[in-house]
Amino acid sequence: MNIETIPMLLLRGVTIFPATTLNIEIDDEGSAAALRSAMRGSRRQIFLAFHKFDENEPFVVTPPNNQIYPVGLLGRVTQFLNSSDGVRAVIECEQRARWTKIMRRKPCFTVQYEMMFDNPVSDAAAAAELVTHTKALAGRYAMLGQGTAPDFRPHIEELLAGHTPLELAGSLADLLAHNVFIPNERKYELLSQLDPLERLKKLNDYMFEAIAFLEVDFEVRQATNIRLAEGQREGILREQLRVIKQSLGEGGETDPESEAETYREQILALAFPDDVEKKLLKDAANLRKQHNGSPDAASLTQYLDTCLNLPWTIITKERLDPGVTRKILDEDHYGLDKVKRRIVEFVAVRKLAPGNKGSILCLIGPPGTGKTSIATGIAKALNRNMARISLGGVHDEADIRGHRKTYIGAMPGRIIEAVQRAGTRNPLLLLDEVDKIGHDYRGDPAAALLEALDPEQNATFRDHYLEIPFDLSDTLFVTTANDKSAIPPALLDRMEVIDIPSYTDEEKLQIAKSHLLAKQRKKHGLKAAQIKVTDDAIRLLITDYTRESGVRVLERELAGVCRRAAVAIAEGTSKRVTVKADNLADFAGTPKYKRDPEDKQASVGVAHGLAWTSIGGEVLDVEVNVLEGNGKLELTGNLGQVMQESAKAAVSYIRSRAKEIGVDPKFYKTKDIHIHFPEGATPKDGPSAGITVTLATISALKNTPLRGDIAMTGEVTLRGRVLPIGGLREKTMAALRADIHTLIIPEANKPDLDEIDPLVRAQLEFYPTNSVDGVLDFAMA
């Protein structure tokens, strides 16, 4: 330790390193006194200490010792100059040192100190690798850095010349740490680190972070410069083009003055309502004030073009002939008699009461049942132009009502865009998949539809982009959906629902013969004489290759048959292909839904239930196992809350009627019951499986088989009553597809049998019941 005392200069907000030069201007008397005291010494030495300065704390001229970093620098004052503003000095920073004692005497602080030296470096390979890596980082930093000292690279090259990595490690770290922009806290960490290799490693980490930031900044600056250059270039070229065209007598670009006058003439010619005309004339006047090629001029031009291109006065003559409507619907659709009758009624009412705006039609049914094609048939029958708007997955309210034109890239909403696409003020707009509208933080599109679908409001529909009212009262809206329960109630209240039923197998056969097969023949380049598909083959396709309410999958299967037939004809192996039931597998592959004969055999604890889904009816099996245990009830199969409660209600009913049913009254203490619904990956919910769970559980507890040729549906109460359910029509068709012809249904659903297709009803036997007790003997084998 050196007991010599030398003056101390306290530096704030900066960290200096050895082998660097500090140019400093001082305006406080204490620091100036320290410099004068150093100049009076024989070696002009001064101790540079660093203040732990916090910008959030008040400034202190004489901080306590604990706010002064222990490690500083030993420096030598080489130049000193008094000036009117204070003093100026140049200090050569020489060596690391640690103060051991600070003496607060007038006129300046003095310190006792001890010298600090770097630890020796012994690992030459590590030193060489670190120096090489550091040199590369320094080069990259110098290339990217803004404000880097001009002599930064020459200093590095000078330091590297003639020195080995062992000699370089500490000096290189100090030089770079002094020049790289890193926080003072980190710089002090490097100053106090006496291991040169560790100092280099830390420096590399800090430089890597600094380079990453600089690269992002460089890319932003480069992109900005390119964009500015492109904008200037475009402006220059446009001005040159305008001058050239004027020189050639071609008039140059249309100036805003003449363009605004053209818009004004078009606005006056269209005879808009007063408020609309006033708004558009104001925007045309604003266009006169814009510079040619300015963004605002382009925005106004786009807005006026959009408004003027709307069919404000174009109306197609509507054809209101019920007979023609019925004929067109019959030509394009087989079956669906009730649906066609309702549409004909709709047309007849519009004919007799043309002033009545009528209802918004909502076609609800499983996929593939012809909802979209029915809407097309309505447009054709009424002689209206049609535009389709797909709402599936729409989450943004602006998709319906548009964006305000102040936004870049703003455009009208889907409704106005569809009207423009249709080209008339009285089109038929098909809002497809209205039950699949979503909503999130961007708004609720379903709520935005309320104004458009309300006949009392849509005469003055306001799109956010247009900002002027547009009359939608002559527009006929038809919506489609798969699931009625997924439509928001406020939206559903504005629509008249028309249910589209599932197709029967006979209807699918006729549709395939009359429409699908001809369509696929044409699509695959086949003539009617080249391919024939027998009725038996189509029936087999329907029963063994598809399980659907509509005909989409059936059409795909027919397309596969036509492709294989096309291959045979194209290769010359056959001139005519006949597809029969016995060779259908050669064209359609292995059957996908081959019936298992064991499904209809009587089994203990297994019952066939009937379920309704948004894609039609399904047969839903229930399996129950009874095991030795302590009364635990296990429910599996991805069941919803309602279905779990239904199963618990069924077990409670059995406990209350155990003696009458013939099961052990103490089964709930000695037996575990496991109720499982197969196809566990498919979510299931609803109360209509109550009777199925009840009978399957009774069968398992009594060890008595249930009939396998019956299916059932109905909600069960704690008293064993069987309550009515929905979707009976789709459920009966699902049972028929599964070759089940006997159904247990709630007594209260008997009136719904009239809604079932006569062909389906004739093939089924129904067993209505009010209670579980009434079907126990019938259901047990």
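I count a salt bridge when a side-chain nitrogen of Lys or Arg lies within 4 Å of a carboxyl oxygen of Asp or Glu. This is a predicted model: local features need pLDDT of at least 70, side-chain atom pairs count only at pLDDT 80 or more, and totals for chains, interfaces and linings use all residues. Residues are numbered from 1 along each chain as its sequence is written, and side-chain values use heavy atoms, with hydrogens and water left out.

**Entry 1. Salt bridges.**
I looked up Lys519 first. Lys519 forms a salt bridge with Glu555, and the closest N and O atoms are 3.1 Å apart. The two sit in distant parts of the chain, 36 residues apart: Lys519 in helix 17 (residues 505–523) and Glu555 in helix 19 (residues 552–570). My helices (H or I, at least four residues) and strands (E, at least two) are DSSP runs, numbered from the N terminus. Glu555 has 17% relative accessibility, so Glu555 counts as buried.

Next I took Arg388. Its partner is Asp432, with the closest N and O atoms 2.9 Å apart. Arg388 is partly exposed at 42%, whereas Asp432 is buried at 5%.

Then I checked Glu94. Its side chain meets that of Arg76 in a salt bridge (3.1 Å, N to O). Glu94 belongs to strand 5 (residues 86–104) and Arg76 to strand 4 (residues 71–83), so this pair ties together parts 18 residues apart in sequence. Glu94 is partly exposed, with 35% relative accessibility. Arg76 is partly exposed, with a relative accessible area of 35%.

I also noted a network: salt bridges link Arg96, Asp118, Asp174 and Arg199. The count for the protein comes to 37 salt bridges.

**Entry 2. Charge and surface.**
I counted 99 positive and 110 negative side chains. Lys and Arg are positive here, Asp and Glu negative; His and the chain ends are not counted. The centres of the two sets lie 2 Å apart, with each charge placed at NZ of Lys, CZ of Arg, CG of Asp or CD of Glu.

**Entry 3. Overall build.**
I find 27 helices and 26 strands. The radius of gyration, taken over C-alpha atoms, is 44 Å, well over the 28 Å that the globule rule gives for 781 residues, so the protein is more spread out than a compact globule. That rule is 2.2 Å times the number of residues to the power 0.38. The C-alpha atoms fill a box of roughly 125 × 95 × 65 Å along the principal axes. Of the 781 residues, 45% count as buried.

**Entry 4. Helix 18.**
Which residues of helix 18 (residues 535–544) are buried? I list Ala537, Ile538, Leu541, Ile542, Thr543 and Asp544. Their cover includes helix 17, strand 14 (531–533), helix 19, strand 15 (577–579) and helix 20 (584–588), where a contact means heavy atoms within 4.5 Å.

Methods:
Buried means under 20% relative accessible area, exposed over 50%, partly exposed in between (1.4 Å probe, protein chains only).
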